Amino acid sequence: MNLREEAAAIRDDLIALRRELHRIPEIGLDLPKTQAAVLAALDGLPLEISTGEGLSSVTAVLRGGRPGPVVLLRGDMDALPVTEESEADYVSGHDGVMHACGHDLHTAGLVGAARLLSAHREALNGDVVFMFQPGEEGFDGAEHMIDEGVLEAAGRPADAAYGLHVTSDMVPRGVFTTRPGPMMAASGGLFVRVVGSGGHGSRPHRALDPVPVACEMVTALQTLVTRRFSTFEPVVVTVGSFHAGTKRNIIPDEAVFEATVRTFSAEAADQVAEQSVKLCEDIAAAHGLSAEVRYDREYPATVNRADEARFVAETVREVFGDERYVEMPEPTMGAEDFSLVLQSVPGSYMFFGACASGDHELAAANHSPRAAFDDSVLADGAALLAELAVRRMGRGRV
Ligand SMILES: [Zn+2]
């Protein structure tokens, strides 16, 4: 079988599906229109299909003609609360919602892999689970699907798992990239409410001003990162939201801010979760105020098994040529809930260049209202997923 050529033959269908999905972006765990489009696209294929209970996921199982390993392929399906700025003739039809992270390509690409592999069902040495996942963008979609049994959807645990994410600015169009070991960071959220006592801006000694105290916390968090963690231990704390007050001469009762936290090691994640909370509480106490501080653990680090990442690299090189693969020189501090699948199942995640303009380094990044993805790469993405499944099943259970 030549999956690359077979994918090229269904390229127009995949592009049409991607553009249909692009027009109906949906956020979170409930993606009814997207789910309906996926079910329609899979209709007629020899798949065992089930849909989620608590979320609009689609799980499809393809039974190969011969016994063998279970390979799970994953595509996430959700969009973002972003207002699209695009000149394309297919744009979001939902106000304020956009497929700004390219998950429409992931969904269409996974449908493509399902079509390619279904055509060779009899020749497959194992089963394939297609995981169409809602709620990647901070809604724990993977965790919900794991709780509902996606990793055992074939009746036995998955032996290997692969997922692909398009990028507009990390690598040139058509280039695949991954790395052995840690690839993406763990994420956490710090939520702080500094509670003081408001008053007149001209007489601060009669109030308990939360604004300078909250500001001190923001800068002290940066000191925490540089003074309490090794320089060889990557930690990012970014305060992306900070709100207090209404007018310059009124001291407010409260100041609130939120930070996103990124780490790689379990030790760093534990340490920052504990120390950031204590730091904020103690700074408030030092000034006679109080602070309500919450720390949420979000996604764990995405860690590829070394042999699986090497297998992805070899497969890309053999199928598409050496020039289509580059190894990621370093991990990214982005986070991804495919990490939860990789905690249980050996496998690899990978990025795939889909920049719509000439120079990816100048392109608007994923999540930007101007992020644009070239769907001419879709067929190759589908071919790679299918190829990984076929080759991995051919290796048997290891
Ligand atoms: Zn994404």
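## The largest cavity

The largest cavity has a volume of about 100 Å³, in a model that is predicted, where local features need pLDDT of at least 70, side-chain atom pairs count only at pLDDT 80 or more, and totals for chains, interfaces and linings use all residues. Residues are numbered from 1 along each chain as its sequence is written, and side-chain values use heavy atoms, with hydrogens and water left out. A cavity here is a set of points, on a 1 Å grid over the protein atoms alone, where a 1.4 Å probe fits but cannot get out. Grid points are joined across faces, edges and corners, and the volume is the space filled by probe spheres set on the points. With a threshold of 30 Å³ or more, the structure holds one cavity.

Which residues lie nearest the centre of the largest cavity? They are L105, H106, G109, L164 and G381, out of 13 lining residues, where lining means having an atom within 4 Å of a point. At least two lining residues come from each of strand 3, helix 4 (103-118), strand 5 and helix 10 (378-394). These elements are DSSP runs numbered from the N terminus: helices are H or I with at least four residues, and strands are E with at least two. By class, the cavity lining has eight nonpolar, four polar and one charged residues. Nonpolar covers Ala, Val, Leu, Ile, Met, Phe, Trp, Tyr, Cys and Pro, charged covers Asp, Glu, Lys and Arg, and the others, Gly among them, count as polar.

## Two domains

The domain assignment gives domain 1 (3-183 + 301-394) and domain 2 (186-297); such bounds come from an automatic or database assignment. Taken over C-alpha atoms, the centres of domain 1 and domain 2 are separated by 37 Å. Eight residues from domain 1 and seven residues from domain 2 take part in the contact, with contact meaning heavy atoms within 4.5 Å.

## The largest pocket

The largest pocket contains about 890 Å³ of space. A pocket is an open set of grid points with protein on both sides within 12 Å along at least five of seven lines. Its lining has 38 residues, and E137, G138, R262, A335 and H367 are the closest to the centre. Strand 5 (160-167), strand 8, strand 10 and strand 12 are the elements that give two or more residues to this lining.

Domain 1 and domain 2 each contribute at least three residues to the lining of the largest pocket. Sorted by class, that lining has 15 nonpolar, 14 polar and nine charged residues.

R262 is worth a visit in your viewer. R262 lies in strand 12 and, not counting residues up to four places away in sequence, touches A185, A186, S187, P234, V235, V236, M333, G334 and A335.

Four strands form an open sheet in the order 10-12-8-13, with antiparallel pairing; two strands pair if DSSP finds at least two bridges between them. Strand 10 (235-244) and strand 13 (290-297) are the edge strands, each pairing on one side only. From one strand to the next, the twist averages 15 degrees. Strand 10 and strand 12 (residues 254-263) run antiparallel and are joined by nine bridges, and F242 has F257 of strand 12 as its bridge partner.

Two helices lie across strand 8 (186-195), strand 10, strand 12 and strand 13: helix 6 (residues 210-228) runs at about 170 degrees to strand 10, and helix 7 (residues 266-286) at about 170 degrees to strand 13. Axes are lines fitted to C-alpha atoms, for helices over the stretch in contact, and angles run from 0 to 180 degrees between N-to-C directions. In strand 13 sits R297, which, leaving aside neighbours within four places in sequence, is in contact with S187, A269, D270 and A273. R297 and S187 are 110 residues apart in sequence and 6.7 Å apart in space, C-alpha to C-alpha.

Another open sheet has eight strands in the order 1-2-4-3-5-16-6-15, with mixed pairing. Its edge strands, each pairing on one side only, are strand 1 (48-51) and strand 15 (325-327). Direction ignored, neighbouring strands of this sheet are turned by 20 degrees against each other on average.

Strand 3 (residues 66-76) and strand 4 (residues 125-133) run parallel, joined by eight bridges; the bridge partner of R74 in strand 4 is M131. Helix 8 (residues 306-320) lies across strand 5, strand 6 (176-178), strand 15 and strand 16 (347-353), at about 45 degrees to strand 16.
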